[in-house]
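Here's a quick briefing on the salt bridges in this model. Have a look at the structure first, then we'll go through the pairs.

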Amino acid sequence: MTALTKFFMGLLRQRMLLFVGALYLGTWLVSPQKTLAAFQAGYHLFLSVTILIIAVFAMAGLLQTWIGREMIGRVLGREGGFKGLLLGVGCGAILIGPSFVIFPLLMSLRRLGARWAVVAIVLAAYGLKPQMLPVEAQFLGLPFALVRGGLTLMLAIPLGLAVERLMPEDERN
């Protein structure tokens, strides 16, 4: 396989990038000014999150280097048992930040031996957003906020175990 073929094969794997490129090309034909404005807005957004993304990937690197596979496996792997699942609920509930920050961190933990159930539980509990509960209560009512938050936490573990159960056999451990 030539280098050019590898390049195009790699490019084809980036479907999202190709899709967005096609959208830009299509909108350029309709309105070049709006397309340029959209590109500038995307560029500024990219710059604003780049530093955050670099910090997150650096943190993921630190996790992989400084926290041993044995410890992650013992705490968040199968050895962790129900305590590991509860820890996933707690961590997910207090996590703040955009999801593009959370996913690389969870990927690092998964590579270090965290169970799929823990990864799914963290993501489920991440939906709680305790810092947003007062705002949610203000607009949607306190009973709604409390019921939604409580159910989010209570259903995180069953959801995580279901996700793990539905993963392919070779991916479960």
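Let's start with Glu 164: this residue is buried, with a relative accessible area of 5% (buried means under 20% relative accessible area, exposed over 50%, partly exposed in between, with a 1.4 Å probe and protein chains only). This is a predicted model, where local features need pLDDT of at least 70, side-chain atom pairs count only at pLDDT 80 or more, and totals for chains, interfaces and linings use all residues. Residues are numbered from 1 along each chain as its sequence is written, and side-chain values use heavy atoms, with hydrogens and water left out.

**Around Glu 164**
- Arg 115 forms a salt bridge with Glu 164, with the closest N and O atoms 2.5 Å apart (a side-chain nitrogen of Lys or Arg within 4 Å of a carboxyl oxygen of Asp or Glu).
- Arg 115 sits in the loop between helix H6 (99-111) and helix H7 (116-126) and Glu 164 in helix H9, so this pair ties together parts 49 residues apart in sequence (helices are DSSP runs, H or I, of at least four residues, numbered from the N terminus).
- Glu 164 also meets Arg 78 in a salt bridge, at 3.5 Å, N to O.
- Arg 78 is partly exposed, with a relative accessible area of 44%.

**Arg 148 and Glu 136**
- The side chains of Arg 148 and Glu 136 pair up in a salt bridge at 2.6 Å, N to O.
- Arg 148 is in helix H9 and Glu 136 in helix H8 (residues 133-140), so the pair links parts that are 12 residues apart in sequence.
- Arg 148 counts as partly exposed at 25% relative accessibility, while Glu 136 is buried at 12%.

**Overall**
- Shared partners join Arg 78, Arg 115 and Glu 164 into one salt-bridge network.
- The count comes to 3 salt bridges.

Conventions. Helix = DSSP H or I, 4+ residues; strand = E, 2+ residues; numbered from the N terminus.
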